[in-house]
Amino acid sequence: MQFELSTLIPVLPEIFILSAACLVLVVDLFLKEEQRVISYGITQASLLLAIGITAVTATGETQVVFDGSVIRDTMSDVLKIAIFIITAGAFLYAKDYLRDRDIFKGEFYVLGLFTVLGMMVMVSANTFLTIYLGLELLTLSMYALVAFNRDSVIGSEAAMKYFVLGALASGMLLYGISMIYGATGSIEFSAVSQGLANPEANKMVLIFGLVFVVIGLAFKFGAVPFHMWVPDVYHGAPTAVTLFIGSTPKIAAFALAMRMLVDGMGTLHGDWQGMLVILAILSMGIGNVVAIAQANIKRMLAYSTISHVGFILLGILAGTSKGYTAAMFYSIVYALMALGGFGIVMLLSRRGFEAENLEDYKGLNERSPWFAAMMLLLMFSMAGVPPTVGFFAKMFVLEAVVSVDMTWLALVGVFFSIIGAFYYLRIVKLMYFDKPVDDTPLTAGLDAQVVLSVNGLSMLALGMFPASLLSVCAAAFS
Amino acid sequence: MFADWPILSLIIWLPIIGGILVLASGDNAANATRWTALVIAILTFVVSLPLYSSFDPTTSDMQFVERASWIPLFNIEYYLGVDGISMPLIILTTFITVFVIIAGWEVIQYKPSHYMAAFLIMEGVMVGVFCALDAMLFYVFWEAMLIPMFLIIGVWGGPNRVYATIKFFLYTFFGSVFMLVALIYMYFQSGSFDILAFHDLKLGLNEQILIFIAFLLAFAVKVPMWPVHTWLPDAHVEAPTGGSVILAAIMLKIGGYGFLRFSLPITPNASNELDWLIILMSLIAVVYIGFVTLVQQDMKKLIAYSSIAHMGFVTLGFFIAFMIMNNSETQGGAILGLEGGMVQMVSHGFISAAMFLCVGVLYDRMHSRQINDYGGVINTMPLFGAFMVFFAMANAGLPGTSGFVGEFMVILASFRADVWFAVLAATTLIISAAYTLWMVKRVVFGKVANNNVATLEDINNREFFVLGSLALAVLVLGLWPAPLVEVMDVSIENLLKHIAVSKL
């Protein structure tokens, strides 16, 4: 193999983020406590620059480099840019929260950037091994982030639980990959795909491997019945971290599914479709029903995530390019909704007070009409009520399912979304119809307010003009 | 001269953008906010008038059409247009909204800018429902309606408002999501969301029946038909006066409109198969709900139940058409039923709005809706008493008022289907007279019941203007319904052609 400098161009965004993470790590060593904002600044600047680099180096064509380990295509570019933007938003929301809790440390940003790097590797992976490396980089950084507030007992417990279950899931995934390697003799997706087409491949071993891969995938998605970690981790982690975990990794999980199931094992579509149907129905059902019983908003949003994952899976299992487009649209929209939802949770918290209980949202409209209006948009978007974008995300997915003659599955989906509407409405009810119990004025930095406004209004704007984002997603599968 | 203007977009977006401006203006200068809202509402009404004056009643084609691509990947369009069925309902919407704004003038002291904005946005969205010709656009408007109404009932409503508004939201949401799946299904059959293309779609009988049921869930909840009507009394009782007016006068009509635009022309064979079901449900609404109305103690609840009974006439008129067509060769009776249903919708829009406004007038003064708390109101409020009696007569279907025309047409049509239908339907003339007049007797007439009633003041100029305008509308439509019937005539005939052709 000959090394050529030009092969580095497609992976320039990854190299850049890696350098930025190292830079933050080193610079942070020399910073005094009150200068910590510099680490934050470098992180945000590098995320913004990374958007530019990705856009500039994008060719619109599929490039495979490093002996087939890494792929760069339109889907990866779009997903990476979405990850950068949403991560930048998450860090922005998190700044004041971290500072109020004395955990405004450079390590948060180092770990955050490594998480982003892990996601980028996953998004661009072209072999099972690359995708596994990306996944481990992502999850290892996540474990540390969940336990970031090291004095918090509940946070440590959550991290421990996440670690043990996560390691188990990684093991399953790896086991599945080894089976598939055994059956096809390759770990590269295109080669695996060809190997599967070979009638002599051992179908038994393949399906066995597929089951383990799907389990690993379902765990990373947080799909029922592999969802047990989600509520505990969301609840235990500092809200700033929950915000981060709840948003972008869903985009990465979508990429994980696309690369492994569609690129790698597209010919086994008939086999994994049935598995995803079960996962999707259980996720939508249990996620929506159990969310009703939650009194803690972080746990409620965790169960709501589970139900949204069910919808994302619906788009993937349809197995058509419109279905993939719909699922991608859904993942990005979901990440934006989660960003805003947890963002509000964080903005309502202050030093020594976590706005975690549903009660804390009572009378928000009296305390801050603007925050309440943004939360209203986010909640209706999550419930899937037009004219917010959440509706179109659901509709495109349903359309994909109906197109493959699974109308019954669409009916199941809409049925559970009615149940889901109830707990989102309850938040609106608390904000608008109840009297406030807590009259402390709400303060938030101007930057957080602006981002929240953009975040909330984007629900409406994307809902009025969904074609803009949709065509970007569709370009990835044309 | 207005034919080339994007007049429909203007009627949709003027109040929505105006509503956002009102919302942004805040509550610091509440009076200026109220005036702005009123000006926007009146302006919208004025803008909607050319729909009538420039309307061509000789064609059943869609008019004032606007068409632009919206979501090209799924072939979803921003496609607007009106025919004789939707045009009167749009003007009804813009007309009623003006009075709703005026009716909330002094009563609403809590965040008036939000209140006015909610109604203006609602107006635009409701007009959108009536003129959308793309099914997905229709669905977006249809669902978007829920958000302002949810807030109106929940924020400005009565003591039990939270229960009522969540029930309202979930009921209607439940009904409509299945329609969404049906619409998506038809998209794959026809390749677009164009409603007019759906009208020409060939569908098997089983498919039609399933689609029909999906539509029925959506529209029956909205109308509301027995047995899915239970959200309506709760919502009406808790809603502020303006909310009740919009609910009764326009939102219920959207359900009826849905039957005409979707169920009948898209699934005529299924409608023909299942017409007995709808007729049965309608007759139960007319007779059984009529008796339920009789025992109500709460005036708003009474009018809410009477709305259900009156809307039963609308659905009866629509579906009796199938029986008439099966019984006879002529289509005259079928047209009579459909037109009767339409006239009844418009007329009920005026009458129910007026009745709720009357109750609102009393409630603002006494803060009670219980019939027992009143008595002898006419002694202290003679002007108001006259209006209330007039509207009560109209509600009971007295000849000369608009309430009579629609009911009479539907009863006539029922005769052609089956004498017994007509007999049952005609009982409404007795029952509705009984409950409305009995209420009026207890509230308006008699001796002054208590000190509170003795100190009542008669209606002021603002209230007089509102009730007077509606009284005029009821009277004009009752004495001379021809202008309304003429504009819808050709469209109804065209609809009947679609119904008569098998879509199998």
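The unreviewed UniProt entry places the annotation "domain: NADH:quinone oxidoreductase/Mrp antiporter transmembrane" on residues 125-419 of chain A. UniProt positions follow the numbering used here, feature names are shortened, and annotations may be inferred rather than shown by experiment. Over residues 125-419 the chain is 79% helix and 0% strand. The end C-alpha atoms of that stretch are 37 Å apart.

This is a predicted model: local features need pLDDT of at least 70, side-chain atom pairs count only at pLDDT 80 or more, and totals for chains, interfaces and linings use all residues. Residues are numbered from 1 along each chain as its sequence is written, while chains are lettered from A and ligands numbered from 1 in the order in which they are written.

**Confidence.** pLDDT is the predictor's confidence in each residue, from 0 to 100. Chain A has a mean of 89, and 99% of its residues reach 70 or more.

| Element of chain A | Residues | Mean pLDDT |
|---|---|---|
| Helix 14, lowest | 364-367 | 84 |
| Helix 4, highest | 106-123 | 93 |

**Overall fold.** Chain A has 19 helices and 2 strands. These are DSSP runs numbered from the N terminus: helices are H or I of at least four residues, strands E of at least two. The C-alpha atoms fill a box of roughly 70 × 55 × 40 Å along the principal axes. Buried residues make up 59% of the 478 in chain A. Buried means 20 or more other C-beta atoms within 10 Å of a residue's own, exposed 12 or fewer, and partly exposed in between, with C-beta atoms placed from the backbone. Among contacts between residues at least 6 apart in sequence, 79% join residues at least 24 apart. A contact needs C-beta atoms, placed from the backbone, within 7 Å.

**The side facing chain B.** In all, 26 residues of chain A are in contact with 27 residues of chain B. Helix 16 (389-403), helix 17 (407-433) and helix 19 (466-475) of chain A each give two or more residues to this side. Helix 17 gives the largest share, 12 residues. By class, the side has 20 nonpolar, 4 polar and 2 charged residues. Ala, Val, Leu, Ile, Met, Phe, Trp, Tyr, Cys and Pro count as nonpolar, Asp, Glu, Lys and Arg as charged, and the others, Gly among them, as polar.

**A loop residue.** Glu61(A) lies in the loop between helix 2 (37-57) and strand 1 (63-65) of chain A. Glu61(A) counts as exposed because it has 8 C-beta neighbours inside 10 Å. Glu61(A) and Thr74(A) are 13 residues apart in sequence, and their C-alpha atoms are 7.1 Å apart in space.

Conventions. Two residues are in contact if their C-beta atoms, placed from the backbone, lie within 7 Å.
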